[in-house]
Amino acid sequence: MIPVQRRRLLSLLVVLSTVVLMSLTARERERLTWLEEQAVEVLSPIQRSFSLAASRVRGTVQDLSGLARAQVENAALRRRLEFVPQIEHELQQLRAENNRLRQLLGFSESHPFTTIAARVVARNSDNWFSYAVLDKGARAGVERNMPVVTPEGLAGRVVRTSADTATILFLLDRDSGVAVGIYREIPGDEAPALKSFGVVLGQGEHGATLRLRVFAHDARIEPGDRVVTSGLGGTFPPGILVGEVRRVEADAFDLVVEAEVMPAVDFDRITEVLVVADPVVGQPP
Amino acid sequence: MRAPVFLGMIVLAHVVQGVVAPHLAIARVKPDLVLLVTLAYGLLYGPGVGGRFGLISGLLQDLLLGRYLGVFGLTRMAAGYLAGVTERRLYRESLLILIATGAGTSVFADLLFMALMSATGYPLDPLADMGRVVMPAALYNGLLAPLVYRAVYRLRRWERTRTRARDGEMVQ
């Protein structure tokens, strides 16, 4: 048995060394330790297979409950068929809107990104951070700080890689920050008008919204304005949709304009992402 | 208590937490199964084992996070130790006491987490976080605490039965 005094000293040493370790690793690092890399490499295949099994179980349960709903849905679908001409008209409008958005987002043919498709194999299991582990890593060409997008918009960026996995920090994480431009669509105008520049910050998973901070007290931000990456931060290419302004809040000191932004990406449903392998940062579109 | 079972429980708790907990999220709040297993170890084996279980499982979580290494290690260790200290003062067979202990441990771990993270400059909003994270998580963890405690209790009983059987074979 270890004497009580020695045990107390050992406990104190453990606490102190952990505090030192924590402060040393509070900032992002270029390289992971061997132990960290092994932890992710070993656990991710296990998590991937459990995750697959869990999704199959969920799928079976959904299939069974779906049978019960099928009859009701069938009747509803028959009613909807009567509205097909109207739906087709709406589809045409949506196609046109989609083309406009693609131009806005920079996903047009003239600015193609080289992307690496990856699957989310694990999510953060705690209630404080917001990140995910992908099934592609350095071996597939994924590098630190590469932007991560979904068809809806910007999801986050790669914060670390191992040989076969990459960890991405979602925009919701409080350590996340993106330089953005705020655009407004004006009826009759071809392109949306740039209203101001700002920074979008994460507020944690629970808020599910982002915080927009514009350092110009006279900026006229309105609900409905689109928030798009400006390319000025040096990490994200310009023109990727981040979200939409939901509410503008007055600053008590009238120094900055703050707003709540609804992210374009539904972070609860992300299963596959694209890692932008050649982000060309620079001037906004 | 055998080391393989101890380490196996740590890995299993992490895998289950990583795979199942996100699907159990209610209003974006996930239950903390690793913390609940730590609590059960503290209550069943005392402060030393509870603290060790918390430290190792927390450090594993830190390694997966890759930032602020040690924050989960410290909070889990303190929670496991605290659970072990209260072990003799609690009537563990009471459902209500287990729920209250689970909720209390969850609040303690989250407040310690917030204190440590504040020291590193991590942006927290204490009042909002209490309402959005700490209290809902405490409620959720409290409700699940009796289930996890029973599972670990049964594991301990199985482990003891096996040990006795093996010792009996060796005597013969």
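Me: Which residue follows helix 2 of chain B, and is its phi positive or negative?

Reply: This is a predicted model. In it, Gly46(B) comes directly after helix 2 of chain B, and the phi of Gly46(B) is positive, near 100°.

Me: How many residues of helix 2 of chain B are buried?

Reply: Twelve of the 13 are buried, so helix 2 of chain B is mostly covered; a residue counts as buried when 20 or more other C-beta atoms lie within 10 Å of its own. Among the buried residues are Leu33(B), Val34(B), Thr38(B), Tyr41(B), Gly42(B) and Tyr45(B).

Me: What span should helix 2 of chain B have, and how far apart are its end C-alpha atoms?

Reply: The expectation uses 1.5 Å a residue. Helix 2 of chain B covers residues 33–45, and its 13 residues should span 18 Å. The end C-alpha atoms are 18 Å apart, which agrees with that expectation.

Me: How many residues of chain B are in contact with chain A?

Reply: On the chain B side there are 33, and they are in contact with 32 residues of chain A. Helix 1 (3–19), helix 3 (47–65), helix 4 (71–86), helix 5 (95–120) and helix 6 (126–171) of chain B each give two or more residues to this side. By class, the chain B side has 21 nonpolar, eight polar and four charged residues.

Me: Turning to chain A, in what order do the strands of the barrel run?

Reply: Six strands close into the barrel in the order 1-2-5-4-3-12, with antiparallel pairing. From one strand to the next, the twist averages 45°.

Me: Over how many bridges do strand 3 and strand 12 of chain A pair?

Reply: They pair over two bridges, in the antiparallel sense; strand 12 is residues 272–276. Within this pair, Val148(A) stands opposite Val275(A) of strand 12.

Me: Is Pro147(A) buried or exposed?

Reply: Pro147(A) lies in strand 3 of chain A, which is residues 147–150. Pro147(A) counts as buried because it has 24 C-beta neighbours inside 10 Å.

Me: Where in chain A is confidence lowest, and where is it highest?

Reply: The general idea is that, where pLDDT is low, predicted coordinates should not be read in detail. In chain A, the lowest confidence is in helix 3 (residues 84–105), with a mean of 64, and the highest is in strand 5 (residues 166–170), at 93. Chain A averages a pLDDT of 80, and 85% of the residues score at least 70.

Terms used. Residues are numbered from 1 along each chain as its sequence is written. Chains are lettered from A and ligands numbered from 1 in the order in which they are written. This is a predicted model: local features need pLDDT of at least 70, side-chain atom pairs count only at pLDDT 80 or more; totals for chains, interfaces and linings use all residues. Helices (H or I, at least four residues) and strands (E, at least two) are DSSP runs, numbered from the N terminus. pLDDT is the predictor's confidence in each residue, from 0 to 100. Two residues are in contact if their C-beta atoms, placed from the backbone, lie within 7 Å. Ala, Val, Leu, Ile, Met, Phe, Trp, Tyr, Cys and Pro count as nonpolar, Asp, Glu, Lys and Arg as charged, and the others, Gly among them, as polar. The expected span of a helix is 1.5 Å times one less than its number of residues. Two strands pair if DSSP finds at least two bridges between them. Axes are lines fitted to C-alpha atoms, for helices over the stretch in contact, and angles run from 0 to 180 degrees between N-to-C directions.
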